[in-house]
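Biologist: Please pick out the annotated site in this model and follow it closely into its surroundings. Give the cut-offs behind each term as you go.

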Amino acid sequence: MSVTLSGYKKPNTEGSFVHYKSQYDNFIGGEWVAPADGEYFDNPSPVDGKVFTRVPRSKKKDIDLAVQKAHEAKEKWGNTPVAKRSKILLKMAERIEQNRQMLALSETWDNGKPIRESMAADIPLAADHFRYFAGVIRGEESGVSEIDPNTVSMHIKEPIGVVGQIIPWNFPLLMAVWKMAPALAAGNCVVLKPAEQTPVTVLLFAELVQDLLPPGTLNIVNGFGPEAGQALATHPDIGKIAFTGETTTGRLIMQFASENIKPVTLELGGKSPNVFTESVMAKDDSFLEKAVEGFTMFALNQGEVCTCPSRALIQESIYDEFMERALKRVEKIRMGDPLDPQTMIGAQASRDQYAKIMSYLDIGKQEKAKVLAGGEAYHNEQYPDGFYIQPTVFEGNNKMRIFQEEIFGPVVSVTRFKDEKELLEIANDTLYGLGAGLWTRDVHQAYSIARKIEAGRVWVNCYHQYPAHAAFGGYKQSGIGRETHKMMLDHYQQTKNLLISYDQTPTGLF
Amino acid sequence: MEQVPRVLVTEKAKRVIDQLRDQHGELMFHQSGGCCDGSSPMCFKKGQFRIGMSDVLLGEIHGCEFYMSSSQFQYWKHTQLTVDITEGRGASFSLEIPLGIRFLIRSRPFTQEEIGNLTPVMEGVQGMK
């Protein structure tokens, strides 16, 4: 069923992989629970702008219930042997894989991204993430040291208990899994609030795995930021809060956390430079093709990626020749029906996001940046009410607003640099430091320049790869802490030190 | 000569501010940066977001103070901001989210003449009333 010549069948049509309910509830304590106030909100698809289901408009009472259920479950889950926790995570990965087309189609419908991407990235990476944390938790060991012949120090990792997680809307299921997999592996119970724009796929996922997890281990509560998100972030019984989003809310979450002295991890985005040095053009070969494709990565996921390579820095000596090739590649970006596996970029995730990107196209032009490609909305004949924008290339300088702000759209701002000194000046002249790309054939540059770029992730001769065992996180205003990689377990654990004396003699102090 | 304001507000946005003020009391704005819903102005109950030495007060819109972090302001200061409203389902803790609308910034660069005559900004904590 379901994959036609023209692509996937629309959800809620005959033969489609996805049939949504008309309304969903919260997943709390292993059950589907209606919001206390009985209110729901409409969830439209950015693909066609039409409402396809409703989700709970939860408030403090619902968050309180979820936190309570998580606390009731935490002792049992925390004491579940790691081998068993690991096995459950492996089964969750399996369920994702068995249902990958259904989850991928839902992700495309809820978020707007092309099915090609949700099938190739979101869903397989989510499954792999569970497998990775199922693996590393088995291998985790703590340290024991002998302080003196009669004194032993032992470190034991303990789960925090109950953690709150607020998820962004750009990779809705994958970002939920990035946060829940390490938390669950480490023995925590989770209260998770999906983004308002993309609340649904994670609920379909919960339906798939609800028989695997003990009730209360994973709780999902939908709602609006000022009502449900804030209730979660300020909850005194949450041991930790993790957030992906923007700087003002990041600061607000830290302010709330300071009231209860709770740890936070924050991922707040970036304005990532993608640097092309002159050696890239030294040969006309497959590597050059790869670099040109690397330039075009700004359009991946409609630019709605925290590490979107939204500034391209190109060495002056190769600028014209490189840009000629790059623009030809941009021309080949195929827009259209997000359900068609040939489509490369889909719809922006929401109407306000679309309006914001349009406002940046406007200020870019007003600041006299030159439009080299796109610069306008895209009229999708099939979906006239969807939110589509043409891949856009601006040429300008790093002081322009389009070079300094995360537009979160398929927009790249291009500028030139003379030498390594200027390269670093421009690359690091930003408030953020999440990602960066560096393209070079010079091995010395590949290391030394990459080390000097102030960013948590520097892709060298590649871009937009997100394997589970490479740490991801920001320098500067891009946030605090890391995601992915086993070091993530530390963000979800306490360290218990047992300092044990085997000496039978009193110390003689009193 | 009258000083040129750094931040303005549309009539549509004023009506939303009135509506939110009726519901929540006095309000404030803080301009966000970064990913997802970044680059959007956030509306909070006055005092809910703690302004620090790292913020600047750009001015007042319809009775609400409008702040931005001073580091971000360094990159924004050559543009005049207008707070507008768009339909849409934003995330974040901004108070208008449940209404299914979102505050949005429209911008324009100041002219050379205006740049010499802009409203001065105040450091956040000093700017607080």
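Modeller: A:E267 counts as buried because its relative accessibility is 4%; buried means under 20% relative accessible area, exposed over 50% and partly exposed in between, with a 1.4 Å probe and protein chains only. This is a predicted model, in which local features need pLDDT of at least 70, side-chain atom pairs count only at pLDDT 80 or more, and totals for chains, interfaces and linings use all residues. Residues are numbered from 1 along each chain as its sequence is written, chains are lettered from A and ligands numbered from 1 in the order in which they are written, and side-chain values use heavy atoms, with hydrogens and water left out.

The unreviewed UniProt entry places the feature "active site" at A:E267. UniProt positions are given in the numbering used here, feature names are shortened, and annotations may be inferred rather than shown by experiment. An unreviewed UniProt annotation, "domain: Aldehyde dehydrogenase", covers residues 32-497 of chain A. That span is 39% helix and 20% strand, and its end C-alpha atoms lie 39 Å apart. A:E267 itself lies in strand β13 (residues 264-267) of chain A; strands (E, at least two residues) and helices (H or I, at least four) are DSSP runs, numbered from the N terminus.

Leaving aside neighbours within four places in sequence, A:E267 is in contact (heavy atoms within 4.5 Å) with A:F243, A:T244, A:G245, A:C306, A:L434, A:F472, A:S478 and A:E483, and with B:C35 from chain B.

Of the area that chain B buries against chain A, 23% comes from B:Y75, B:R89 and B:F93, more than from any other three residues.

On the chain B side there is an open sheet of five strands with mixed pairing, in the order β3-β2-β5-β4-β8; two strands pair if DSSP finds at least two bridges between them. Its edges are β3 (41-45) and β8 (122-123), each with a single partner strand, so one side of each has no neighbour in the sheet. Strand β2 (residues 27-31) of chain B pairs with β3(B) in the antiparallel sense over five bridges, and B:F29 has B:C43 in β3(B) as its bridge partner.

Helix α8 (residues 247-260) of chain A lies across β2, β3, β4 and β5 (64-69) of chain B, at about 30 degrees to β3(B). Helix α1 (residues 11-24) of chain B also packs on the sheet, touching β2, β3, β4 and β5 of chain B, and its direction makes about 125 degrees with that of β2(B). Axes here are lines fitted to C-alpha atoms, for helices over the stretch in contact, and angles run from 0 to 180 degrees between N-to-C directions.

One residue of this sheet is B:D55, in strand β4 (residues 55-61) of chain B. B:D55 counts as buried, because its relative accessibility is 0%. Its side chain joins that of A:R251 in a polar contact of 2.6 Å; such a contact is a pair of N or O atoms within 3.5 Å, and within protein one must be able to donate a hydrogen and the other to accept it, while residues adjacent in sequence count only if both atoms are side-chain atoms. Not counting residues up to four places away in sequence, B:D55 also touches chain B residues, among them B:H30, B:R50 and B:M122.

Terms used: Buried area = accessible area lost by both parts, 1.4 Å probe.
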